[in-house]
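Below are some notes on the sheet and the salt bridges, for reading beside the model.

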Amino acid sequence: MLLFGAMASASPQNPPKKMLRHVVLFKFKDSATPAQVKEVEDAFRALPSKIKEIKSLEWGTNNSPEGLAQGFTHAFFVTFENEAAREVYLPHPDHKAFGKVLGPHLDKVLVIDYWTQE
């Protein structure tokens, strides 16, 4: 059996830790300039320094050769320890301010949250 990441090192003595993952995918408007997209990236990357409930942030741009991205170019993975932390994040003034930076350039967004094993 093939195991990935921390799952491979989990044992009854060292159980994997559940983490809440908030996945955000962006499709920008065709009119968004590279400078505007960079402004959005920078603003999102700054959130962990402003919102202490964010445990970690990982992000990147699509480079899949499959052609199935449907125009989505950016993926952000925000990790929280629990749902209470996410409840602080969602209405947080700095998260709302980020939305104002993003809004004029956003065509579509896809958000899913899930529990994972770390």
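1. Buried means under 20% relative accessible area, exposed over 50%, and partly exposed in between, with a 1.4 Å probe and protein chains only. The model is predicted: local features need pLDDT of at least 70, side-chain atom pairs count only at pLDDT 80 or more, and totals for chains, interfaces and linings use all residues. Residues are numbered from 1 along each chain as its sequence is written, and side-chain values use heavy atoms, leaving out hydrogens and water.

2. Arg86 counts as buried, at 17% relative accessibility. A salt bridge (a side-chain nitrogen of Lys or Arg within 4 Å of a carboxyl oxygen of Asp or Glu) joins the side chains of Arg86 and Asp113 at 2.8 Å, N to O. The pair links distant parts of the chain, with Arg86 in helix H3 and Asp113 in strand E4, 27 residues apart. Asp113 is partly exposed, with a relative accessible area of 32%.

3. Helices (H or I, at least four residues) and strands (E, at least two) are DSSP runs, numbered from the N terminus. Lys38 and Asp42 both lie in helix H1 (residues 34-45), and their side chains form a salt bridge at 2.9 Å, N to O.

4. Four strands make an open sheet in the order E2-E3-E1-E4, with antiparallel pairing; two strands pair if DSSP finds at least two bridges between them. The edge strands, E2 (56-61) and E4 (106-117), each pair on one side only. Strands E1 (residues 18-28) and E3 (residues 74-80) are joined by seven bridges, and Phe26 stands opposite His74 in E3.
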